[in-house]
Amino acid sequence: MMANDMHDERRDPAQAVEETPGAAQAESAGSGEAMQADALASLVAERDELKDRVLRTLAEMENLRRRTEREVADARAYAVTNFARDLLNSADNIRRALESIPEGDRASADGAFKALIDGIELTERDLAKTLERHGVKLIEPKGQRFDPNRHQAMFEVPDPEVPAGTVVQVMQAGYIIGDRVLRPALVGVAKGGPKPAAANPGDAA
């Protein structure tokens with residue numbers, strides 16, 4: 001019994017020595033796996049952050065591209081705005097020159113006087129075509145309902161024959177450029193007539 005006990009006592013320290021390196025290795029392996037997991041989590045977080053930055057940059061670049069395209073289109077469409085507005089004075093003067101000629105004299109005109117009238121009318125048409133080529137169009141509001149975005153009311157005209165708010169007289173022509181008003185038309189508006197007829201949904205069918 002004592003020999004066996006002594007044998008067991010001699011064996012136990014050796015076993016303890018042999019078991020100690022294995023535990024250290026296991027602990028070291030566990031620590032290495034934890035470090036690898038931390039490193040992987042850090043890389044994943046960094047990847048996600050970089051991906052988010054790239055997506056944000058792409059979105060900003062797309063917004064910038066669209067904004068630049070709009071600005072270029074606007075610049076192309078409205079670059080002649082100031083020049084066109086200045087030309088409207090010439091168009092007004094040509095129109096006044098024609099309107100100053102009595103209708104009877106215009107109808108009976110011949111020779112040099114008729115050639116002068118024809119030349120003024122031709123100049124007016126050419127100027128209107130030139131303006132239209134650059135996106136400037138005449139507003140023709142007579143007979144239409146008054147639109148404060150395109151017309152400027154100068155006075156009211158009692159007229160029971162037309163709906164109230166109808167443009168019955170144009171004092172000065174208006175113009176638009178693209179989708180914008182270059183100059184509102186100066187108009188006289190009907191007053192006291194019947195109310196405008198409401199649109200009937202069945203009429204559109």
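I searched the whole structure for salt bridges and found 11, taking a salt bridge as a side-chain nitrogen of Lys or Arg within 4 Å of a carboxyl oxygen of Asp or Glu. The model is predicted, so local features need pLDDT of at least 70 and side-chain atom pairs pLDDT 80 or more, while totals for chains, interfaces and linings use all residues. Residues are numbered from 1 along each chain as its sequence is written, and side-chain values use heavy atoms, without hydrogens and water.

I looked up Arg 53 and found a salt bridge to Glu 49, with the closest N and O atoms 2.8 Å apart. The two are 4 residues apart in helix 1, about one helical turn (helices are DSSP runs of H or I, at least four residues, and strands runs of E, at least two, numbered from the N terminus).

I next checked Asp 52, which meets Arg 56 in a salt bridge at 2.9 Å, N to O. Asp 52 is partly exposed at 35% relative accessible area, whereas Arg 56 is exposed at 54% (buried is under 20%, exposed over 50%, partly exposed in between; 1.4 Å probe, protein chains only).

I then noted a salt-bridge network of Glu 62, Arg 65, Arg 66 and Glu 69. Within it, Glu 62 and Arg 65 have their closest N and O atoms 2.4 Å apart.

Last, I listed the largest nonpolar core, which has 11 residues, including Leu 88 and Tyr 175 (buried Ala, Val, Leu, Ile, Met, Phe, Trp, Tyr and Cys joined through side-chain atoms within 4.5 Å). Helix 2 gives the largest share of this core, 4 residues.
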